[in-house]
Amino acid sequence: MTDPLHTELLRLAQEAARKAGDLLRDGRPADLAVAATKSSPIDVVTEMDIAAEKLITDLISAHRPDDGFLGEEGASSEGTSGIRWVIDPLDGTVNYLYGLPTWAVSIAAEQDGERVVGVVAAPMRGETYHAVRGQGAWATGAWEGERRLACRPAPPLDQALVSTGFNYVLEVRSHQAEVVRRLIPVLRDIRRGGSAAVDLCDVAAGRLDGYYERGLNPWDLAAGDLIAREAGALTGGRPGERPNGDLAIAATPGVFEVLQRLLEDLGAWHD
C-alpha cells in the first residue's frame, strides 16, 4: 500500500515536471543563448534552466512551504518537514541549447534523507517516467497509456549496450575517453546521449543494458536512480558504495557486477 504522503509527493512532482517541461518545450526562444557557465566554458546554463527551476520551486513551495530544496541552478534550503526536493530543471542543457531532443526535467523527493519519489519528464519523447519507493517504476507516453518498466534480461557483456557521459573539465574528459577506448572492444557498443536522467530511465525501460558516468551531482541522478532500481536494475558506484560523484553505475543484474568490476580495473573513477 502506498503511503498517502508519497502519493501526494508523486502527484506534485508530476505536475511540476509537466509544467516545467511544457515551458522548456514551448517557450524555447529561437535566439537561445548561454546565460552563464559553471565548471568550464562548455558547462553552460541558459535562461531557460533558471526559469524552469523557479517554476518548479515556486509550485512546490505553494503547496508545501516547509519542504527543503537542492537544485542545480541554486535552489537550496533546509526546510523543517523532513522532505527535500532534489531538482535538475533541465538535464541535458547542451542538447537543449543545440535543439537536440534528449533532455529532461528531473525531480526527486527525499524523506529523512531517503529517496521516495522520482519523476523524469522527457517532453521531446512525449514520455514521463516515475517511481515511488517499493511500488515499481512506470512510464506514461503520448502514444500509449501507463506501462510498468522492467530492465532487460542480462546479455553476455560482449552483447551489452552501455551508455556513458563526459565531464566538462578537459583533464577528466580525456581520462574518460581513454576508459571508453578500452571498453568498446568488450561491449556491443557505447552510446552517449547527453542526459544522465534519460540514460537511467532507458536502463529502466530496457533500452540500455547499462549506464555509467563519473562526475554526476545529486540532482543528475536522484530521480533516475530510483526509477532504475524500481525497474529491477542494480545501481551503485565503486564496490560497496552508492552512486556518487566518483562513479555512478546502473545496469541490469548480471551486467552490473561485471561492468562494475571492469570499471574499477580501468580506474574509471580517477584520472
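Analyst: The cover over the buried residues of α1 includes α2 (47–63), β5 (83–91), α3 (93–98), β6 (104–111), β7 (114–122) and β8 (127–132). Here helices (H or I, at least four residues) and strands (E, at least two) are DSSP runs, numbered from the N terminus. Covering rests on contact, meaning heavy atoms within 4.5 Å. Buried means under 20% relative accessible area, exposed over 50%, and partly exposed in between, with a 1.4 Å probe and protein chains only.

Please keep in mind that this is a predicted model, in which local features need pLDDT of at least 70, side-chain atom pairs count only at pLDDT 80 or more, and totals for chains, interfaces and linings use all residues. Residues are numbered from 1 along each chain as its sequence is written, and side-chain values use heavy atoms, with hydrogens and water left out.

Now to the helix itself. Among the buried residues of α1 are His-6, Leu-9, Leu-12, Ala-13, Ala-16, Ala-17, Ala-20 and Leu-24. An α-helix has 3.6 residues a turn, so residues three or four places apart point the same way. The 23 residues of α1 (residues 4–26) should span 33 Å at 1.5 Å a residue, and the end C-alpha atoms are 33 Å apart, which agrees; the expected span is 1.5 Å times one less than the number of residues. At the start of α1, a side-chain oxygen of Asp-3 comes to within 2.7 Å of the backbone nitrogen of Leu-5.

Arg-64 leads us back to this helix. Arg-64 sits in the loop between α2 and β3 (68–71) and is buried, with a relative accessible area of 13%. Beyond its neighbours within four places in sequence, Arg-64 is in contact with residues including Leu-5, Glu-8, Leu-9 and Leu-12. The side chain of Arg-64 also makes a polar contact with the side chain of Asp-67 (2.5 Å). A polar contact is a pair of N or O atoms within 3.5 Å; within protein, one must be able to donate a hydrogen and the other to accept it, and residues adjacent in sequence count only if both atoms are side-chain atoms.

In β5, one of the covering strands, we find Asp-91. Asp-91 counts as buried at 5% relative accessibility, and its side chain reaches the backbone nitrogen of Ala-196 at 3.0 Å. The C-alpha atoms of Arg-64 and Asp-91 are separated by 24 Å.
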